[in-house]
Amino acid sequence: MPIGPFGLDPVIWAPLRLVIAVGLALFLILNGALLQIYLERKIQAIIQDRLGPYHVGPFGLLQTFADALKLIAKEDVRPSATDAWFFVAAPALVFCPMLASWLVLPFAYDITGADLNIGLLYLTTLGSMTVLGIVIAGWASNNKYALVGGLRSAGQLISYEIPQILALVTVALVVGSLSMRTITASQPGPLVNVLVLPFSFLVYFIAALAETNRTPFDLPEAESELVAGWLTEYSGMRWGTMLALSEYGNVTVVCSIIVTLWFGGWQGPGVDALPLLGVVWFTLKVYAFILAFMWIRATLPRLRIDQLMSFCWKGLIPASLLNVLVVATLALAFPSSRVPIAIANWLLVVAFVAGIPFVQRRRLAALRARARATAQPVRAAS
Amino acid sequence: MTFDFVEPIVFAMLSVGVIAAGAAVVLINRITAAALLMAFTFLCMAGMFVLLGAETIAAFQVLIYVGAITVLILYGVMFTKSGDRPYALFFQHQTPIAAIFVAAIAIPVLLLAFSFNAPAPPPRGGDLPGLATSVFTDFAFPFEIASVLLLAAMVGAIVLTKRDEAEGADTRRRERR
């Protein structure tokens, strides 16, 4: 019988490892959410020339702790007309897939819950399960704003899942594996995947903003139209679990995927000598992307729901299908070199970015023509 | 001491979940609860695939059935006229015939299940490159046929909804005049 780590019997070590892993993930999610809410408020304040939280603790650092304590201490309100079972189950249905997806995040070479050979597929699967909880939350609330918010969210998540998965497919095609560890190891030194597949990264980044309900795609909780979307009837810690924990946890997961797939994961200077340094590099990279998400949130206005859907179905999905086609063809034609794929992908980026003004101009012209056509009868009548 | 005792326990829990949730889907009157329980059945089935060593199939099971089909069903439920109306009416009269049919199918299956002693086949499907190679070489033709079928269904659905929408717009315009 082999002896496990720390001289423990494997029978004791295996359940202990599970408990430690889940506890650590919960700890990281809770603290990550607290830190990210603070950062979000502070960074938006800086960008908008305000002060942000500054009363509680030094630089307002303890503000989110106070908020969290308030949320926990709040009365557990459940409106009487809601569907009891679903209303209670929905936060768990949103939270559990997010918690489970932390299993495969590679913080460093050896620091990961499990190195599944289907790691990427596993993450996609859990991401798709979140929709169920959101739809159930909207339905159980027995509130038209919640229902519309839930349905909008489901439509948005299902639509943006397609370009997201197609972007992941191109990485899998180039690397030849779905395991997070193998994908990281395939990007040694400065040769990270974003240099090879910049277009996939662009598509994934846009789709990830939509998947995590971040501005400019935060339609499901557009407070000017929908109160708080599917969260309208939730308060206290149920709201906290759904919004704060799940949303920020999902942002962290998505940014970890971006970092692992396109930016070399835990790799960085000095990792070979000191493997634990990987955690630092990984965290720094992930938080760089979280900050980028916040920057976008503070900068861009919200889209309209039809703009959101048409951008996905008419823009992102055809572009990412073309991307898969090009990458697959080139990967078959030049199995030993990544240079052709990189050239083609950079050309796609240029074409996509350059194409936006043309499409926009044509769309605006069409809108103006339609406005003129409808405006004339009014003028004639008056 | 090893962890061999865990697998039968997990299998028992999963099979109880599949059977109980599956029965509840049929018996329960509330259609949203039935849809959610169906998702639970799919999840338990995915767990069984994991026990068999077929993680890939488990992941696809959850991705497609829980993440897409259940949401689609819930969408359908929410957009159709509601009312948790009792479905018992449909099933009342067929009970004796249904019992005979179930017995005719279930008894041979049970007998077969208990007389089945062959060793379980070695788990496959967790092996991702092998699975992908077999899908795109040996089974490329059925795979393509299935995808063409799905494409035809999708085009058909789009044509149906599009025509409906245009007619609706026409009638609306006529009403306005």
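1. Confidence, chain A. This is a predicted model. The mean pLDDT of chain A is 81, and 94% of its residues score at least 70. Where pLDDT is low, the predicted coordinates should not be read in detail.

2. Confidence, chain B and the complex. For chain B the average pLDDT is 78, with 77% of the residues scoring at least 70. The complex as a whole is given an ipTM of 0.73 and a pTM of 0.82 by the predictor.

3. Contact between the chains. Chain A contributes 21 residues to the contact and chain B contributes 19 residues. On the chain A side, the elements that give two or more residues are α1 (10-47), α4 (119-140) and α5 (144-175). Of these, α4(A) gives the most, with 11 residues. By class, the side of chain A that touches chain B has 17 nonpolar residues, four polar and no charged.

4. Domains of chain A. The chain is divided into domain 1 (11-73) and domain 2 (79-376). Their C-alpha centres lie 22 Å apart. Between them, 15 residues of domain 1 are in contact with 17 residues of domain 2. On the domain 1 side, α1(A) and α2 (63-73) of chain A each supply at least two residues, and the largest share, 12 residues, comes from α1(A). That side of domain 1 divides into 10 nonpolar residues, four polar and one charged. Note that α1(A) is also among the elements that give two or more residues to the side of chain A that touches chain B.

5. Helices α3 and α4 of chain A. Helix α3 (residues 84-101) packs against α4(A) at an angle of about 165 degrees, and the axes are 8 Å apart. The two helices are therefore roughly antiparallel to each other. Their crossing is left-handed. Residues in the contact include F86(A), F87(A), L93(A) and M98(A) of α3(A), and L123(A), L126(A), M129(A) and W139(A) of α4(A). The contact of α3(A) with α4(A) has 18 nonpolar residues, three polar and no charged.

6. Helices α5 and α12 of chain A. Here α5(A) and helix α12 (residues 305-333) pack with their axes 9 Å apart, at an angle of about 15 degrees. They are therefore roughly parallel to each other. The crossing of α5(A) and α12(A) is left-handed. The residues of this contact divide into 20 nonpolar, six polar and one charged.

7. Helices α2 and α3 of chain B. The axes of helix α2 (residues 31-51) and helix α3 (residues 55-79) of chain B come within 8 Å and cross at roughly 175 degrees. That makes α2(B) roughly antiparallel to α3(B). On α2(B) the contact includes I31(B), M38(B), F42(B) and F49(B); on α3(B) it includes E55(B), I57(B), Y65(B) and L74(B). By class, the contact of α2(B) with α3(B) has 18 nonpolar residues, three polar and one charged.

How values were computed:
Residues are numbered from 1 along each chain as its sequence is written. Chains are lettered from A and ligands numbered from 1 in the order in which they are written. This is a predicted model: local features need pLDDT of at least 70, side-chain atom pairs count only at pLDDT 80 or more; totals for chains, interfaces and linings use all residues. Two residues are in contact if their C-beta atoms, placed from the backbone, lie within 7 Å. Helices (H or I, at least four residues) and strands (E, at least two) are DSSP runs, numbered from the N terminus. Ala, Val, Leu, Ile, Met, Phe, Trp, Tyr, Cys and Pro count as nonpolar, Asp, Glu, Lys and Arg as charged, and the others, Gly among them, as polar. Domain bounds come from an automatic or database domain assignment. pLDDT is the predictor's confidence in each residue, from 0 to 100. Axes are lines fitted to C-alpha atoms, for helices over the stretch in contact, and angles run from 0 to 180 degrees between N-to-C directions. Angles under 35 degrees count as roughly parallel, over 145 as roughly antiparallel, 65 to 115 as roughly perpendicular and the rest as oblique. A crossing is left-handed if the near helix is turned anticlockwise from the far one by less than a right angle, and right-handed if clockwise.
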